[in-house]
Amino acid sequence: MDILPQPAYSRAPQRRRSQRASSKTYGPAFDQLFGTSPYFAFAVDQGGKLLAYNQHASTVLGPLPAQARANTLYATWVLPMLQNEALPTARMRGYWRGEVELKGVDGSSHPVTQTIEWRANTEPPSFLCLAYPLDDYDVYESRLRFKYLFEAHPHPMWVYDLQTLRFLVVNAAAVAQYGYTEAEFLHMTIRDIRPPEQLERLAQNLAAAPAKGAEQSGVWTHRRRDGSRMQVDVSSHSITLSGRPARLVFAHDISEREQLKLALQLRGRALEASVNAIVITVHAADGDLIEYANPAVTRLLGHTPDSVLGRRLESLLDLQMHDEQRQSLSAAMQSQQAMTLLLRPRHRDGAQLWTQLHVAPVHAAEGAIGHHVCVLTDMTAIMEYQAQLEHQANHDALTGLPNRALLKDRMAQAVTFSQRFQHSLWLLCIDLDNFKLINDHLGHQVGDQLLCAIAQRLCDGAHEGDTVARLGGDEFVLLLPVANQRPMASILALLQETVAAPVTLGDQVVTVTCSIGISIYPADGSDADQLLKHADIAMFRAKEAGRNQSQFYEAAMHARIAERALIESELRFALARNQLSLVYQPKVDLHSGAITGMEALIRWQHPTLGAVSPARFIGVAEETGLIVAIGQWVLRTACAQNKAWQLAGLPPLRVAVNLSARQFRDHILQHEVRTALEESGLEAQYLELELTESLMMNNVDNVVAVIADLKQLGIALSIDDFGTGYSSLAYLKQFPVDYLKIDQSFTREMLTEPKVAAIVRSVIALGQSLGFKVIAEGVETAEQLDYLRQHACDEMQGYYFSRPLSPEAFAELLRQR
Ligand SMILES: Nc1nc2c(ncn2[C@@H]2O[C@H](COP(=O)(O)OP(=O)(O)OP(=O)(O)O)[C@@H](O)[C@H]2O)c(=O)[nH]1
């Protein structure tokens, strides 16, 4: 600034200037003084009104409009400086000098050095402004450049007064980014763009303001006009503006950068914290080498992240050279797409793991794949758990043997194999005999131990390729895929022996036999289900035939099973559909010939099966439990019928009803008998219950108690089929029985078989000596009748006297007699 030539008048002493400007008004004197001056001269009042200007001003800046205001003569950036600094200084000190930019009417720019004098004695008091161009071109240009650099700079910039902290000048980017207008900025201080919590720091920073020119920088939080905040990287530089200390500030909004930094930090943290092992490889001339590994790699594979850098992934995973997995991995690394593989890497300590590897290629800017992100998830526990579940789903929990599901799977495989190689396939269904008794007498735990011991023995005896399975309960299956090469008879004998060998469980020795059913592929079935079903049928047959034996499946067995299934399903509806009825067979006194009573016998008339004999359905009814409902119906119907005959005026007789073991077992018999008597109104003495010998002997204590109870009601009791079971005479005397019934098989044979005749005579003698009456069943001839009469049998029942009769026919018989 000092190098600029000084105008002649400005170099004149102060006194001379004040004399010259002593005129009270502007007019001709102003023109005289400045009209021809090569400098800009103009006078401005305190309110900014342009009072006068010279010829040079109007020539260079253009014709100024009447009433023009002084600020139209200046570039915008100059105005706040004039207002805040130049004019107040001139006013206070009488004089100000500095560089400004004048603006032509056409927008042209004229950088000048300007002096401002305060003239208190003019009318009105005024500022006299004289300005001459900056004629050093380089200075001019560099300033201009600075100005445009400042104005057009994309980042916010401003200059503030170091004393007042007021903004002196702000650029367009600051206006755009902070939201204040330029005019608003120029009325603010730098405190106004700080959030309250940063004012303290600002104060400290200002107090420690560095020496002139020194750079200062830091990250600050600034506030926009709308209250929103931004992170700003601020750098500032001390300058002198118009003679006053100021700072030029450059503010760079780094909110986005900070967010990005934070996001990167977060991602970095996520990588570090991930429970999955993450490895980043970089493509290099000698393959994909590990560039990064997170800490989870150590947990999964035992290697520290640092120790794996620069290695290949295959080697980290310890995959063998020509291994299939290694080839899959290398294919995944070469693929352009993300891929997932299941691998079996090795831990550093040698343990083999299950991992899922997800390989994601990272494309570089040019499109080539530079890196791969490889995520390894530990699947070992899951795979082991899955294997455990799979084992549980396919094996029996108690013995660990394959269960039905796995057996069927193996059978399907075996069938396919047998088909291809023309082998036969044998399926043995092995069911322990009376295993329930072991549970009942020795406890479930001993039962379990026995099952395990037998399972073990079966496994020990099995050949390679055989399958020993447990289907549940006490039923095992042996699948012998190539059985035709082994002698079957010896296998079966060995099996029977193996199962029946005594088992020592704690301090007890237990033995159990088994029944075996055999089905053979392809003769007895073409698939697993059929073979199993048929082996099962054969096994049932072995049970029926007396247990502890083997039975090969025969088609006829199937017919029996089918018949049984049919009977069972139809019997369920027989009662509801009124298909059951009772017939009555008279009992006759052998001495008087009088009818003493009748036995109620059940009949089933089925619409399509016709008359189904009790032999076909009573067994099924007992096994299925249907006997309970049927027995109840028989009891009620017989009582009601007997009462009806009595009410019809026929002589009162005793009706005998057969009881099944099941009715005893369920402890409802007494209740049922009472109900039947009460409902029918029949007196108890006219009801007789027939119990089979085996029923009574199998559960003596229970039967004795129930019978005692029933006897109290006043009903009669007889032992049916006497002589066919194994009566203990000791027990017999405990039963308050009225009748012994000689089984019809004895009656039939007593005249031809002396030994049977002897039995019959013994029974009669026994009954009489115990005080029971004896009645013979199945009497069909006069000879049989005579024989019985001869030996003092009390009563008889049989075709010789009468077949079982319908209620109507029976009533008719009574009437005739
Ligand atoms: N201890 C034990 N008993 C079982 C288990 N599963 C079933 N059972 C019993 O095994 C018995 C199997 O009875 P069944 O096969 O029907 O009859 P059984 O007494 O063996 O007579 P038969 O087979 O006719 O010779 C039943 O009493 C079941 O309660 C088990 O896992 N452990």
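This is a predicted model: local features need pLDDT of at least 70, side-chain atom pairs count only at pLDDT 80 or more; totals for chains, interfaces and linings use all residues.
Residues are numbered from 1 along each chain as its sequence is written.

**Whole chain**

I noted 32 helices and 31 strands in the protein chain. Both are DSSP runs numbered from the N terminus: helices are H or I with at least four residues, strands are E with at least two. Of the 817 residues, 31% count as buried. Buried takes 20 or more other C-beta atoms within 10 Å of a residue's own, exposed takes 12 or fewer, and partly exposed lies in between, with C-beta atoms placed from the backbone. I also checked contacts between residues at least 6 apart in sequence: 53% join residues at least 24 apart. A contact here has the two C-beta atoms, placed from the backbone, within 7 Å.

I traced an open sheet of 5 strands in the order E12-E11-E15-E14-E13, with antiparallel pairing. Its edge strands are E12 and E13, each pairing on one side only. The twist averages 30 degrees from one strand to the next. Strands pair if DSSP finds at least two bridges between them. E11 (residues 277-284) and E12 pair over 6 bridges. I followed one of them from Val-282 to its partner Leu-289 in E12.

Next I turned to H14 (residues 324-334). Its buried residues are Leu-329, Ala-332 and Met-333. Seen down the axis of H14, they fall within an arc of 100 degrees, so they line one face of the helix. That arc is taken over the directions from the helix axis to the C-beta atoms. The face turned away carries the exposed residues Glu-324, Ala-331 and Gln-334. I listed what covers the buried residues, including helix H13 (313-317) and strand E14 (355-363). H14 lies across E12, E13, E14 and E15, and runs at about 165 degrees to E13. Axes are lines fitted to C-alpha atoms, for helices over the stretch in contact, and angles run from 0 to 180 degrees between N-to-C directions.

**Single residues**

I looked up Ala-293, which sits in strand E12. Ala-293 is buried, with 26 other C-beta atoms within 10 Å. It touches Val-279, Pro-305, Val-308 and Leu-309, not counting residues up to four places away in sequence.

I found Thr-304 in the loop between helix H11 (296-301) and helix H12 (305-308). Thr-304 is partly exposed, with 13 other C-beta atoms within 10 Å.

My last stop was Glu-497 in helix H19 (residues 488-500). Glu-497 is exposed, with 11 other C-beta atoms within 10 Å. Glu-497 and Thr-513 are 16 residues apart in sequence and 8.4 Å apart in space, C-alpha to C-alpha.
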